[in-house]
Structure formats: C-alpha cells, structure tokens
Amino acid sequence: MNNKEFDSYIDNAVSQLPSEMSPGKDLWPGIEKAISQPHSEVPIKHSNWHRYSALAACFCLCLLGFQLFNQQQGPNLEQSLNNMNAVFQQEKQALLVQYQSQPAVTDNWRSQLADLEQAEDALKAALENEPENAALLRMLSQVYQQQLDLINKVHQPSWQRI
C-alpha cells in the first residue's frame, strides 16, 4: 500500500463515521443535579502527620548540627597519630620480647625491618607537612602492619604452624 492508497483509505474510513455520537444513557439529569446542589465543603482532617514530619525535620537538623560541631571539636590528628604510634611500638616491642629466644628463619630480617623503619620515618615527616592526608595515614598504618608481619613471619613461619 503506497501513500496515496493509504490516504484514500483513511479519507474513506473517516467519511463513513457518524457525524454525531450520543451517550448510551441520558447524563443531563445527573449534571443538572450536581450543578444545582449547594457546594458542600468536605472538612479537611488535620492529622498529626504534619506535626510528626516537622518534628522529624527538626530532629534531623539537630543531629546534623551536633555532628558538625563534633567534627570541629573532634580529636586532634596529631594526638591520633601519636596514639597509633604508641600502640604500634608496644606491639612491636611485645613481639620482639616474645621471639627473642627463638631463632629467625632468615638472617637479613633486621635489614628489612630497618628499611621499613626508614619508610615509617619518611611517612611521619610527610605527615608533619600534611597532617590531614588520609592516604599518608593509611600508608603509615600499612608500614606498621608490614613490620609486625615481618617479625611474626621470620620467627614463626606458616610452614611451622599446625
């Protein structure tokens, strides 16, 4: 079917449609009745929903303000760094004391530990310039963990554990 045939088909179909269409039943009595009756207002029920939502919004704002205030008054990063360093030094000393009587699996573990301590010192120096750098803090934490893992693995390798 090309465009001209389609157009003629549509024109023919439209011409066969009735010019007026009447509803299946008489709707005018219902319309007149609705228009003639006085408009009665439906009372609006005042629910407590508005009060509860306002209360919830105020509560959220108070929590947000409290959180912002705590972030400003939060612990000093330098103090947190010192605490992390103190905990690490205690763990390291405890491991060294625990393993002092056991022979090490390798002889060069002290040089590896010294390399990690140099990395620790470099990260601490970098943190003095950028105390709020989260990446440097994570790297320092990883260096601490590597030192502890080195001491554990050298004195108690996994193939000796049951």
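Predicted model: local features only at pLDDT ≥ 70, side-chain atom pairs only at ≥ 80, totals over all residues.
Trainee: Among contacts between residues at least 6 apart in sequence, what percentage joins residues at least 24 apart?

Mentor: A contact here means heavy atoms within 4.5 Å. Among contacts in the chain between residues at least 6 apart in sequence, the share that joins residues at least 24 apart is 77%.

Trainee: Which side chain meets K92 in a salt bridge, and where does that partner lie?

Mentor: The side chains of K92 and E117 meet in a salt bridge, at 2.3 Å from N to O. This pair links distant parts of the chain, 25 residues apart, with K92 in helix α4 (residues 77-98). The partner is E117, in helix α5 (residues 109-129).

Trainee: Is K92 buried or exposed?

Mentor: The relative accessible area of K92 is 6%, and the cut-off for a buried residue is under 20%. E117, across the salt bridge, has 27% relative accessibility and so counts as partly exposed. K92, by contrast, is buried.

Trainee: In the salt bridge between K124 and E120, which residue counts as buried?

Mentor: The side chains of K124 and E120 meet at 3.0 Å, N to O, and both residues lie in helix α5, four residues apart, which is about one turn of the helix. K124 has a relative accessible area of 22% and is therefore partly exposed. At 3% relative accessibility, the residue that counts as buried is E120.

Trainee: Which residues form a nonpolar patch on the surface together with L17?

Mentor: L17 has its place in the loop between α1 (3-15) and α2 (28-36). With a relative accessible area of 57%, L17 is exposed, and the cut-off for joining a patch is over 30%. The patch has about 510 Å² of accessible area together, and the residues that form it with L17 are F6, Y9, I10 and V14.

Trainee: What percentage of the accessible surface of the chain belongs to carbon and sulfur atoms?

Mentor: Of the 162 residues of the chain, 14% count as buried. The accessible surface of the chain comes to about 14,000 Å², and the part that belongs to carbon and sulfur atoms is 56%.

Key. Residues numbered from 1 in each chain as written. Heavy atoms only, no water. Patch = residues over 30% accessible without salt bridge, like charges linked within 9 Å, V, L, I, M, F, W, Y side chains within 5 Å. Areas by Shrake-Rupley, 256 points an atom, 1.4 Å probe, with all protein chains shown as cover. Salt bridge = Lys/Arg side-chain N within 4 Å of Asp/Glu carboxyl O. Helix = DSSP H or I, 4+ residues; strand = E, 2+ residues; numbered from the N terminus. Buried < 20%, exposed > 50% of the residue type's maximum accessible area, 1.4 Å probe, protein only.
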